Amino acid sequence: MRRSRGAVLLVASVVLAGPVLSACSSDDPADGARAAAQAFLDAWTGGDLESAAGDTDDAAAATTLLQQTAEDLPDATLTADLGEVAVGGDGDTTATATWTATWDLAAAPDWTYDGTLDLRRADGDAPWQVVAEPTVVHPELGEGQHLQLGRSLPERAPITDATGAPLFTETEVVNVGVDKAQVTDLPSLAAALGAATGVDPATITADVEAAGEGQFVPVITLRRDAFEAIRAQVFDLPGAVFPTSTRLLAPTARFGAALLGRVGDATAEVLEETTGEDGLPLYAGGDQLGLSGLQRAYQEQLAGTAGFTVSVVSLDTTTGDTGTVVGTVDPVPGSPVQTPLVPAIQNAADAAVAGQSLATHLVVVRPGTGEILAVSSNEAANPGNALSGQFPPGSSMKTITATALLGAGTVTPDTPVPCPGTTTVDGREFENEDQFDLGTVSLTEAFAQSCNTTFIQQALTLPDGALSAAAAGYGVGTDWQLPVGIFAGAVPASSTGTTEAADAIGQGEVLMSPAQLALVAAGIASGTPAAPVEVVGAPAAGAAPAGPGQAVLDQLRPMMRQVVLTGTARALGDQGEVYGKTGTAEFGSNVPPDSHGWFMGYQLGGPQGDIAFAVLVEAGQSSSVAVAVTDAFLSGLSG
C-alpha cells in the first residue's frame, strides 16, 4: 500500500555534531548555532515537520515550505550532513551553516546537493533559530516557487531467444472500449461486448457509468488478429470505439508463457509503464508490475535504472513557467536476458498443443546441455504446469524402472519375463490395460507393449532404494535453483508393498512435471544428464546428475526405439529416429479412474538437431492422445 504523499518517510541517519538543543550553555556562539541547525535537520529528516518548523523564526511559513517539499518529492527520504558553521557580525547574532542534502527519491537514483542554512538570534543570550526561507530546501528555490520532480524510465531490455533476437517486440494492438457520449443502449452494448470479448457485462456497465464525460472506458486490449476475429460482432455497436496502439508483446499470446512470464493483466499481455497516485511513473519490482516468469525474476536487469529531473517552478501554474532544472540523472537502460528458446521449436510446439482441446503441455530440452528449447501449453491449460506441475507419470516411469533393473544386472533386454494380465501384491490386484496377457516375452517386448505386471514383478526384486537412486541419476528430486521453478519430481526411497509396486509403473507416490520428464529423456539421449538451463550464462541450476552409465544406456535406448517401431507409439514410426515411452497415469476418485496421457522421448538428427521432449495431456484417458500431439509437433518441425 502506498503511503501518504505528504509524509517524509523513514527516520534517516544524520551525522550528530554536538548537542541537539537550540539553546546552549557553551560560551562559543558557533556551538549554539550548530546545535540549532542540527536540531532543525534532525526533526526534518525524522519526519517531524512540526518540530522542525518550531526551530525556525517563522513556524507557519516553515510548515508550509516543508509540507510543500514533502508533496513535491513524494515518498522520498532525506539524509542531512551538517558541515561548517560560521558566526557573523552584528554582535554574533547571525550565522551560516553548510550542509549536504541527499534525497532517496522513490523509484529513482539519489539526489545530492550542497545547501546553506541561515540562522539568527535576537541577542547574545537568545536561542538560535533557522531563518524560514525557501533556500532552506534548496539554494535556488525562491519565494513563490516549489520543486517539481519528473522521473524517466529507460528502454526495457529484451528477453531474447537462443540467437539473441528479442522475443518481445512492439506489436499493434486494438484497445476495445466505450465512448460514453456515443452510447444509446448501455445494457445491450455491455452484453454484446461481453459476449465477444469474455469480459463481464456487469463490469463494463459499471465502468461506463462511473466514467466522466468524454472519457475513454477500456474494455480489453487485443492483438490485431484477435480483434479481427470479433470485428463483425462489435464494430458497429453504438458507443464502441477501437483506437490502436503498439505494445511490447511476445510473438504469440501463449509463446513460452510459463517461462517468459506476462504482465498481471493477461488480457493485455503487456509490459507497460505503471503510474503511482502522484501520476509519476513507477519504477518498481515485479510484484507491482504484476510480472511473472523471467520478466519478474530479471526485472531489475531488464528494466535498468530510472532517471530523474528536479526543477524549480512557480507555484502559480498560470505563469507558464517551465522551471529551472536543479538536478538531473539520465536513465540507464537495462541489459538483455538470453534464453535458449528456439522460435521454430516453440512455434511447432504451440501449434501441436493448440490442436488438443484438453489441457496439454509440451516441453523440449537439448540433450547434453539441459537447455530449455520450448515450453508450451494450450489455451485450456494452466501454463505453469508445464514446469511446476506435479503429476503421476504412469508408464513413462518405466524408463527409470528399466534403468534400475538393467543397472542391477539381474535382467537384460533379451531376458524372458512373464507378462500376465494381472498380478497381485499384498492382496491388491494390478493389471495391464484391458488385462492383456503376452505370456512370456523379452524385457524389450514387455517394455514396448507397456506391460505393467512385468515391471511390477521385476521391480519388487530390486534392493531397497534402487528405484529412487536410478531416478536421482537423471536429476529427479533435485532442488533445482532456477529463476522460474521446475518441479524435479519425486520418487520415494522408502516405499514398500503395494506402494512400491505402484511406484514402478509411475503411480503410487511418484510424481513428475513435464519439464523434468523431458530432462530424463534428454539424459538418456545424450548419456550425460544435465541440469536445466533457462537463461544462457546464468549460474548452474545444480550439479549435473551422475547418470546411469553407458552400459545401461546401451541397453535402454534400443528398448525405447522398439516402443516407436512396434510398440505403443507406432504412430511415430515415420518421424525419423525417434525413441520414447508412453504413459497412462490414473488419478482421482472416479470409477473407473480418469487418466493422464504421456509421451516422453527424443529425436536424433531431426530438423532441429537432437531434441528431447515430454508431452502431457491432462485427463487424456490414454497415451494415444499424447502420441498424437508428439506426431503433430515433429511434423511441424519438418514442415
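Let's start with helix 13 and helix 15. Helix 13 covers residues 398-408 and helix 15 covers residues 452-459, and the two pack at about 40 degrees with their axes 10 Å apart. Here axes are lines fitted to C-alpha atoms, for helices over the stretch in contact, and angles run from 0 to 180 degrees between N-to-C directions. Helices themselves are DSSP runs of H or I with at least four residues, strands are E runs of at least two, and both are numbered from the N terminus.

Before going on, a word about the source: this is a predicted model, where local features need pLDDT of at least 70 and side-chain atom pairs count only at pLDDT 80 or more, while totals for chains, interfaces and linings use all residues. Residues are numbered from 1 along each chain as its sequence is written, and side-chain values use heavy atoms, leaving out hydrogens and water.

Back to our helices. Helix 13 and helix 15 are therefore oblique to each other; under 35 degrees would count as roughly parallel, over 145 as roughly antiparallel, 65 to 115 as roughly perpendicular, and the rest as oblique. Helix 13 passes helix 15 in a left-handed crossing, meaning the near helix is turned anticlockwise from the far one by less than a right angle, with clockwise being right-handed. Who touches whom? On the helix 13 side you'll find K398, T401, A402 and L405, and they meet N452, F455, Q458 and A459 of helix 15. Contact here is heavy atoms within 4.5 Å. By class, that contact has four nonpolar, three polar and one charged residues. For the classes, Ala, Val, Leu, Ile, Met, Phe, Trp, Tyr, Cys and Pro are nonpolar, Asp, Glu, Lys and Arg are charged, and the others, Gly among them, are polar.

The axes of helix 18 (residues 514-526) and helix 19 (residues 550-565) come within 9 Å and cross at roughly 115 degrees. This crossing is left-handed as well. From helix 18, I524, A525 and S526 make the contact, and from helix 19, L553, L556, R557 and M560. Its makeup is five nonpolar, one polar and one charged residues.

On to strands, which pair if DSSP finds at least two bridges between them.

V425 stands opposite R428, and of the two residues between the strands, D426 takes a positive phi near 50 degrees.

Two more backbone spots to look at. Most residues other than glycine have a negative phi, and most peptide bonds are trans. A107, though not a glycine, has a positive phi of about 60 degrees, and A107 is in the loop between strand 2 (94-104) and strand 3 (111-120). A cis peptide bond joins V591 and P592, with omega about -5 degrees. P592 lies in the loop between strand 22 (577-587) and strand 23 (594-606).
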